[in-house]
Amino acid sequence: MAAPGGCGALPRLLLLVLALLLAAGADPDLEPDSAPDSNPAPAPGGSCGCGAGRGGGGREAAARRYAAAQGSGSGRSGPMVAIPGGVFTMGTDEPEIWQDGEGPARRVRLNGFYMDQHEVSNEDFERFVNATGYLTEVAAAPWWLPVKGANWKHPEGPDSNIFNRMDHPVLHVSWNDAVAFCTWAGKRLPTEAEWEYSCRGGLENRLFPWGNKLQPKGQHYANIWQGVFPSNNTAEDGYKGTAPVTAFPPNGYGLYNIVGNVWEWTSDWWAVQHSAEEAHNPTGPSSGTDKVKKGGSYMCHKSYCYRYRCAARSQNTPDSSASNLGFRCAADALPERQ
């Protein structure tokens, strides 16, 4: 039996409940934490920066335009925080979701690096699209029903927009899209080890970036699902969907929303078997089919997806996207401003 919080396969009863909720008018923004790809119809292109799926001529043309602009966005994305080098305990010997490969706990040594202070926002990504003509992959990864026309600029479909959400994290971006943005900005995606080290904020063997209690003194520290999943989100933390990228208190390294809000891509290929030996700057397997994502999202609830812990992890194919999946960048040195 799957451990509580498994994102990969939902019981048929839950699928039926979700379908009924959708038919009854539930928020169509509900998207997966991990699921196979599909190809929903994209919104009209133009200046949207929304591709027509994988392998399309429009996307290839945009890629050629983008290639000439690589690195031109250096210093033009969000602020970065210096993360000091050190040794930490990665993973856990008390996994909550054992099939995800959360263990074993192992010592990892990292060199110093820089991490985006917050997730890449809609404003950041729009700047990239306007500068390069880049077209995103819009191969959405739905649970039970595609959200037709959904893309980064229309997260819930063609009739939605991000006009009042420019400071929220960009959504519906694939791993490939995230790599393209980071490259343009003179950065890269963090490794899983760098991400988890950053998440812990200098603390050792704690569940969350701020400690072991989810709500110290009754205060909310992350944007997750409150209430009964999936029928009732009470939004006690102030948000039913995404929150601004600087919402909630930062962790010990000054990073905002490192758990909750949206899942974040890392550079590592997915694997569930790990050596217990100490590692130095690990980068994960040399190949694979899925990429690691970390941090959980606003859709995570302890009863279903208890993955808003630093040691928790999940995966998606590099060309998939979702309305609860974004990213932040890392760098070995601060990019120079252009």
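Predicted model: local features only at pLDDT ≥ 70, side-chain atom pairs only at ≥ 80, totals over all residues.
## Helix 4 and the cysteines

Both Cys182 and Cys329 are buried. In total, the structure holds two disulfides.

- Among the buried residues are Trp175, Phe181 and Trp184.
- Just after the helix comes Gly186, with a positive phi of about 75°.

**Ser174, at the start of helix 4**
- Ser174 belongs to the loop between helix 3 (122-132) and helix 4, and at 0% relative accessibility it counts as buried.
- A side-chain oxygen of Ser174 comes to within 3.3 Å of the backbone nitrogen of Asn176.
- Beyond its neighbours within four places in sequence, Ser174 has contacts that include Glu137, Trp265 and Pro318.

**The two disulfides**
- The sulfur atoms of Cys182 and Cys329 are 2.4 Å apart, and this link is left-handed, with -90° about the S-S bond.
- Cys199 is joined to Cys310 by a disulfide, S to S 2.4 Å; that link is left-handed too, with -75° about the S-S bond.
- Cys199 is in helix 5 (residues 192-200) and Cys310 in the loop between strand 9 (291-294) and strand 10 (314-316), 111 residues apart.

**A cysteine without a disulfide**
- Cys300 is in no disulfide, and the nearest cysteine sulfur, that of Cys305, is 3.1 Å away.
- Cys300 is buried, with a relative accessible area of 0%.

Note on methods:
Residues numbered from 1 in each chain as written. Heavy atoms only, no water. Buried < 20%, exposed > 50% of the residue type's maximum accessible area, 1.4 Å probe, protein only. Helix = DSSP H or I, 4+ residues; strand = E, 2+ residues; numbered from the N terminus. Polar contact = N/O pair within 3.5 Å; in protein donor to acceptor, adjacent residues only side chain to side chain. Contact = heavy atoms within 4.5 Å. Disulfide = S-S within 2.5 Å.
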